[in-house]
Amino acid sequence: MKPAPFSFVAPESLDEVVEALARHGDDARILAGGQSLVPLMNLRLARPEVLVSINRCRELDYIAVSDDRLVVGALVRQIDAETDPLVAAECPLLAQALPYVGLPATRNRGTVCGSLAHCDPLAELPAVALALEAELVLTSAAGERRVPAHDFLVAEMTTSIDEGEVLSAVAFKRQDPSEQSALAEVSNGGHVFPVGGVALRWASEEGVCVMARIAAFGVGSVAQRLTDAEAALVGSDLGPAAIAAAVAAARSAVDPTGDIAADADYRRHLVGVLVERGLLEGAAP
Amino acid sequence: MSGDPQGAVGQGAVGQGAVAQGTVGQGAVGRGAVGQSVLRREDDYLLRGQGRFVDDLPAPLNTLHLAFVLSPYAHARILSIDVSEARALDGVVDVLTGTDLAAMVKPIAAQIELPGYSFNTRDVLAIDEVRFAGEAVAVVVAESAYLAEDGVELVDVDYEPLPALTEIGEATDPDAPQVNPTVPGNVYYEGRFATEGVDAGFEAAAHVISEDFHSSRVTAVPIEPRGCLAVPEHAGNLVFYSSTQIHHLLRTALAEFLDVAESTLRVVVPDVGGGFGIKAALYPEEFVCAALALRLRRPVKWIQDRYEALLTDVHARDNHYRVQAAVDDDGIVLALKAEIRTNGGAYSALPFGCTLETTGGARMIVGPYRITEYTYTATAVATHTAPVLAYRGVAQPVCFMAIEGIMDRIARRLELDPAEVRLRNMVPTAELPWTNIVGVRYDTGSFVESLEQAMEMANYDEFRARQEAQGRLVDGKYRGIGICTFTEVSGTGAPGWRARGLTRLPGFDSGTIKVEPTGKVTAFVSHAHSGQGHFTTFAQVVADELGARLEDVTVVEGDTAAGPYGTNTFASRSAVTGGGALIRASEKARLKLARLAAAMLESTPEDIVVAGGQLHVAGVPSRALSFGEVAETAYAMNTFDLPEGESFGIEETDFYDPPLVTMANATHIAQVAVDAGDGTVDIEGYTVVHDCGRVINPMIVDGQVMGGVAQGIGEALMEEFVYDADGQVRTATLADYLLPSSVDVPNFQIAHIESPSIDAVGGFKGVGEGGLIGAVPSIVNAVADALFDLGVNVNTKPLRPALLSRLIREA
Amino acid sequence: MTDEYEVTVTVNGRNRASRVEARRLLADFLRHDLGLTGTHIGCEQGVCGACTVLLDGRTARSCLHFAVAVDGSDIRTVEDLADLDELHPIQEMFHQKHALQCGFCTPGFLLTAVELLESTPDPDEATIREALMNNVCRCTGYANIVDAVAEAAVQLRQGRQP
């Protein structure tokens, strides 16, 4: 299919982007990589009146460390984040997750922020944002606000981005070098979307788990932190009993629905399998 | 294997009263192209991006573009259609509805002559009622594809949704709505067959093994969507380019349903980006496109998008099989009962009809086994789903999933190895030719040999020994091995189609050999390629049979204006029917060359040897003429008079209708690992031993096998076309309808046995479908074997992680 | 709404300027405006990869980009790989290894292979298979494509010029 007609602007600065959004309001959509938006436009399931491309905003193409945060600008392509040494050093979980996102050609063009703004329930990055306690930077004519990931991610394809706002950056919490992390997911084979997955990071001191963050995707309408599973790990030796407790907690924390890809029971079962797998594989040297 | 081309020649000539090498004037000496992995002529321009698929053709500048308005409902009454807003849009030329088209195109219908078949028709655009989600109700004609789609959005259709049927089981409920007015009780067809001794067989049986098998609906998904371009010419003539596999059948149908003279139509098949059977259907869009080009007197083009492709291409395999085998204590099948129900969809699609899978499964399920008592009932039902027709393998992936599943269940019951049960029941090569219980003759084959060789290649015995020693669950994975030994229907002739009620499906194909004035050779054949490498393989056949140099032979196909009629390309037929026709035509041309050469060399035709593009007097190689020198005489381009009784030119045509069917065979063995935690399946080994008779080009045959296996892996493990209870499509994109990727398909071990057909000219058997046919049963059986210790029943596909995980958890 | 926009891109080394509707997909722009029909359209859903081109040196789905939005980019399509006499080594290996059948998906695979071998001259089979997930082939079963890419890598490492 072919997209419906629209107007196009490509400002060269964030200020101009915000201005364009203010001018066009709800009729406008941001075009970054377009790898989630354009398929919907081709099917005419999305039909913005105005596309505001941020692809000329070089100021949004940055990866930087700021205090305890790794900040990824809105124009950073997934492939660039995947291969960035700063990402590997400061947020290895993000680097671990990115190869699972889409396909090479879509990662070449799709942006980290774009995937978060799209908020697909099967996307990896929202779960990574939860596990990395990310803050989403929303910029509008009124200024800037920072929203924690768990408030940003509202429901399937729904975020707390308001009319006139652009997701200008995401600030992930830097991981401590002693941390371990993993991304585990399962798909039905084929391409593109997994059935479900988990993003995990944790830290131990002298054999005792002192911190755990676990988030799952594909188990509900939006990515979800699994705090009970985290709690089952913290204070434990991460041995089989603790892992079993975390697995059980993860399964009871989720309330998936079935769809054509998998039934609800499987998704619930799977989140446990993947929590265990992530902990074991992430711990492997 | 086919390493020895001379050996292959000797075999290949069987069946046509072959002449010994050097037999003058009749035997093409110096054969050797057939049997070689000749690299493809098609590749260079495709690799350069110069291929010309239908959307790549240069369309005239005034071409109009079509877009169809598709029903969002599976079943609804059309209360009204308001096209005024769409028609008012700039760039929209016209908007037409079903009643408009009915004035131009008759209702289309498959002609099936089976007792009890309910004839039914389809309007090319629905009138009054829609019967599946995606059925077109209107068409927008516009100056560009973009504008046509803008117009589609402005067509306002008022529907009254009605209850929809999607499942086989629902269709025959007494209170089910009737899908099609001429199909009472939603039964298109019910066929029955029984031999006399079935009951006695069951009475005598020590064991009765029963199982229900379910197969999900799938569709072929060639990467090139369908499309067509209709270009009016002088005097109301029309050139019609279509991404089709069946250009002659399409032309006849266009003439019939548009009520125009067939002679004014020319159908041309450009490069086609995969067909796999779904492009061997005749679709409403083709009739609409041709009708509008004639009516509007402008070129009209339609290029399908993927959403439309998934909704409106023919589907396949929504089948239920209930199979019972009466078995003695040795595992010998004494009698077989099959109850087959197939979902035919909302209309009986052209040209093969909704009974294709039904009659196919019923006739093919006996496979390579000595089944002497057999009964079936085979039913095709109507539902509010897309029409069902041919997809690579047709019924065979499912009927062999059933019979091969039964073989494994016999083995489990009797504690025998599954391979042993098969060997005990197979027709041994020494007993061939064998006519099976439904009258199909297996002229040659290698059922036992293919199984034994595949077992050796797959290290089957070692695998079993390891399973015995370590158990099936090792390191969190259940490992299993699965076998499918099967017969593969190919090269079906007219009698074969008649046996399935397809009396209007010809069976034969044609070949014309033209030796040009320069001595170069043009071979016309009534086929159309969609990736099979016909330009290469048919040239190999002609080079050998004519005695020409391979590089001097050019193949032309896919054009109703070039060469005579034929049945075209589907059901693994091109090597058999096209090869056979070209062999016959080549022989005629060769004889004429020999006669002319004899006259020129003052010899006799019997003394002329033809080889390598030269003709010489036997024993005197220096008394030789090139094809070109002889052709000059034929075309009166030298001073030599045409011998008395000869006509000008060297242009010879012949036809070939193969026997009932030409039966290929193969064994596939799959080795799988099922993850105990997440239920995912890895294919850790895959072995194929295939027998398609005389191999024309081993490289291309391997390619056909590997591609088919990949599709079979998709079908066995992931592919499923899903309608919800209301008949809404849940798999309208390729993100939902999953295709296997490079990481889902393993490497393969492939070997060939060559048992040349003694019934079919040339000794060739088909190879197009076997890869897929064998893959589905072997993978399903391998997964079942992996989970054997759990006592779970694997009788369905696709075997997705959620399903296998549930079986494992609930064990 | 049907305003047209200036687009200037470099395609296969040539500067191409045109005016397009905002919604003109890059794939349609290449195919129907520039006549580069080697880039095929298989799904317009971003999945199949038949429309893959190199956009600023990296594979991209030309069905998921608007021509107007890639103004100023450098684009390479399948038509740029071979010269008049010789195929690119990757193309040549596709030929030798029978890595194409219908050929419709092939241009996309070739560009994926170009990207892979430029960044990873000596890939193992798993790496090749991961990279080829970029594209769907319905004909070949992939094995011959994997072989062709592996062999092309050898050829390129041995200095055969693309």
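This is a predicted model: local features need pLDDT of at least 70, side-chain atom pairs count only at pLDDT 80 or more; totals for chains, interfaces and linings use all residues.
Residues are numbered from 1 along each chain as its sequence is written, and chains are lettered from A, with ligands numbered from 1, in the order in which they are written.

**Chain A**

- Chain A has 12 helices and 14 strands, where helices (H or I, at least four residues) and strands (E, at least two) are DSSP runs numbered from the N terminus.
- The radius of gyration of chain A is 19 Å, close to the 19 Å from the globule rule for 285 residues, so chain A is as compact as a globular protein of that length. The radius is taken over C-alpha atoms, and the rule is 2.2 Å times the number of residues to the power 0.38.
- Along the principal axes, the C-alpha atoms of chain A fill a box of roughly 60 × 45 × 30 Å.
- Of the contacts in chain A between residues at least 6 apart in sequence, 63% join residues at least 24 apart; a contact requires C-beta atoms, placed from the backbone, within 7 Å.

**Interface of chains A and B**

- The contact between these chains involves 26 residues of chain B and 19 residues of chain A.
- On the chain B side, α5 (145-154) and α22 (801-810) each supply at least two residues, and α22(B) has the largest share, with five residues.
- By class, this side of chain B has 12 nonpolar, five polar and nine charged residues. Nonpolar covers Ala, Val, Leu, Ile, Met, Phe, Trp, Tyr, Cys and Pro, charged covers Asp, Glu, Lys and Arg, and polar covers the others, Gly among them.

**Interface of chains B and C**

- Here 42 residues of chain C are in contact with 43 residues of chain B.
- The helices α2 (89-96), α3 (106-119), α4 (125-132) and α5 (143-157) of chain C each supply at least two residues of the side that touches chain B. The most come from α2(C), with four residues.
- This side of chain C has 20 nonpolar, 16 polar and six charged residues.

**Domains of chain B**

- Chain B is assigned domain 1 (5-32 + 508-656), domain 2 (54-163 + 220-312) and domain 3 (319-495 + 660-810); domain bounds come from an automatic or database domain assignment.
- The C-alpha centres of domain 1 and domain 3 of chain B are 39 Å apart, and their contact takes 24 residues from domain 1 and 26 residues from domain 3.
- On the domain 1 side of this contact, the elements giving two or more residues are α1 (5-12), α17 (534-546) and α18 (574-601) of chain B. The largest share, seven residues, belongs to α18(B).
- The domain 1 side has 10 nonpolar, 12 polar and two charged residues.

**Domains of chain C**

- Chain C is assigned domain 1 (4-79) and domain 2 (89-157), with C-alpha centres 22 Å apart.
- The contact between them takes 15 residues from domain 1 of chain C and 12 residues from domain 2 of chain C.
- On the domain 1 side, β3 (52-55) and β4 (58-61) of chain C are the elements that give two or more residues, and β3(C) gives the most, with three residues.
- By class, the domain 1 side in chain C has seven nonpolar, seven polar and one charged residues.

Methods
Two residues are in contact if their C-beta atoms, placed from the backbone, lie within 7 Å.
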